[in-house]
Amino acid sequence: MSKSPFLQSVRTEIRTKQYSYRTEKSYLYWVRQFILFNDKKHPKVMGNHEIERFLNHLAVNRGVSPGTQNQALCAIIFVYKHVLKREIENWQAPDILDA
């Protein structure tokens with residue numbers, strides 16, 4: 001179990017919404033990767049630029065499929081919408097996700 005209070009709050013919100021255990025594991029993985037990629041900055045101080053950089057990193061450097069990239073994006077959107085209670089403003093998904 002994660003010792004991060006933030007990740008624990010993400011886990012609690014996922015369970016409150018009765019998402020599957022596999023979705024919980026996946027979302028926590030991608031949120032953790034997002035935070036680590038951005039030098040452990042808290043998501044509340046990050047925005048579109050950091051999200052785009054992370055998704056591009058997944059596609060270019062890690063070679064993940066568009067589906068996997070979309071799963072990471074869904075996890076990040078979940079955090080902003082349900083945990084931080086804020087929308088990601090002026091979001092335009094990278095072209096790779098349209099594939």
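Student: As I understand the term, buried means under 20% relative accessible area, exposed means over 50%, and partly exposed lies in between, with a 1.4 Å probe and protein chains only. On that scale, is Phe54 buried or exposed?

Tutor: Phe54 is buried, at a relative accessible area of 1%. Please note that this is a predicted model, in which local features need pLDDT of at least 70 and side-chain atom pairs count only at pLDDT 80 or more, while totals for chains, interfaces and linings use all residues. Residues are numbered from 1 along each chain as its sequence is written, and side-chain values use heavy atoms, with hydrogens and water left out.

Student: Understood. How many helices and strands are there?

Tutor: The protein has 4 helices and 0 strands; helices (H or I, at least four residues) and strands (E, at least two) are DSSP runs numbered from the N terminus. Read from that end, the order of elements is α-α-α-α.

Student: What share of the residues is buried?

Tutor: Of the 99 residues in the protein, 38% are buried. The accessible surface comes to about 6100 Å², and 48% of that area belongs to carbon and sulfur atoms. These areas come from the Shrake-Rupley method with a 1.4 Å probe, and for residues only the protein chains shown count as cover.

Student: Which residues does Phe6 touch?

Tutor: Leaving aside residues up to four places away in sequence, Phe6 touches Val31, Ile35, His42, Pro43, Val79, Val83 and Leu84. A contact means heavy atoms within 4.5 Å. Across the protein, among contacts between residues at least 6 apart in sequence, 64% join residues at least 24 apart.

Student: And H2, which of its residues are buried?

Tutor: They are Glu24, Ser26, Tyr27, Leu28, Trp30, Val31, Phe34 and Ile35. These buried residues of H2 pack against H1, H3 and H4. H2 has 17 residues and reaches 24 Å from its first C-alpha to its last, close to the expected 24 Å at 1.5 Å a residue; the expected span is 1.5 Å times one less than the number of residues. Just after H2, Asp39 takes a positive phi of about 55°.

Student: Glu24 stands out to me in that list. What does Glu24 touch?

Tutor: Not counting residues up to four places away in sequence, Glu24 touches Arg11, Ile14 and Arg15. The side chains of Glu24 and Arg15 also meet in a salt bridge of 2.9 Å, N to O, where a salt bridge is a side-chain nitrogen of Lys or Arg within 4 Å of a carboxyl oxygen of Asp or Glu. Glu24 is buried, with 5% relative accessible area, whereas Arg15 is partly exposed, at 47%.

Student: Which residues are linked in a network of salt bridges?

Tutor: Arg11, Arg15 and Glu24 are linked in this way.

Student: How many salt bridges does the whole structure have?

Tutor: The search finds 4. Among them, Glu13 meets Lys17 at 3.4 Å, N to O; Glu13 is buried at 17% relative accessibility, and Lys17 is partly exposed at 34%. Another joins Glu50 and Lys41, with the closest N and O atoms 3.4 Å apart. Glu50 counts as buried at 12%, while Lys41 is partly exposed at 34%.

Student: Back to Phe54. What kind of aromatic pair do Trp30 and Phe54 form?

Tutor: The structure holds 7 aromatic pairs. That of Trp30 and Phe54 is edge-to-face, at 6.4 Å centre to centre with 65° between the planes. Trp30 lies in helix H2 and Phe54 in helix H3, so the pair ties together parts that are 24 residues apart in sequence. Rings of Phe, Tyr and Trp (its six-membered ring) pair if their centres lie within 6.5 Å; planes under 30 degrees apart count as stacked, over 60 as edge-to-face and the rest as tilted.

Student: Is Trp30 buried or exposed?

Tutor: Trp30 is buried, with a relative accessible area of 5%. Tyr29, Trp30, Phe34, Phe37 and Phe54 form one aromatic cluster.
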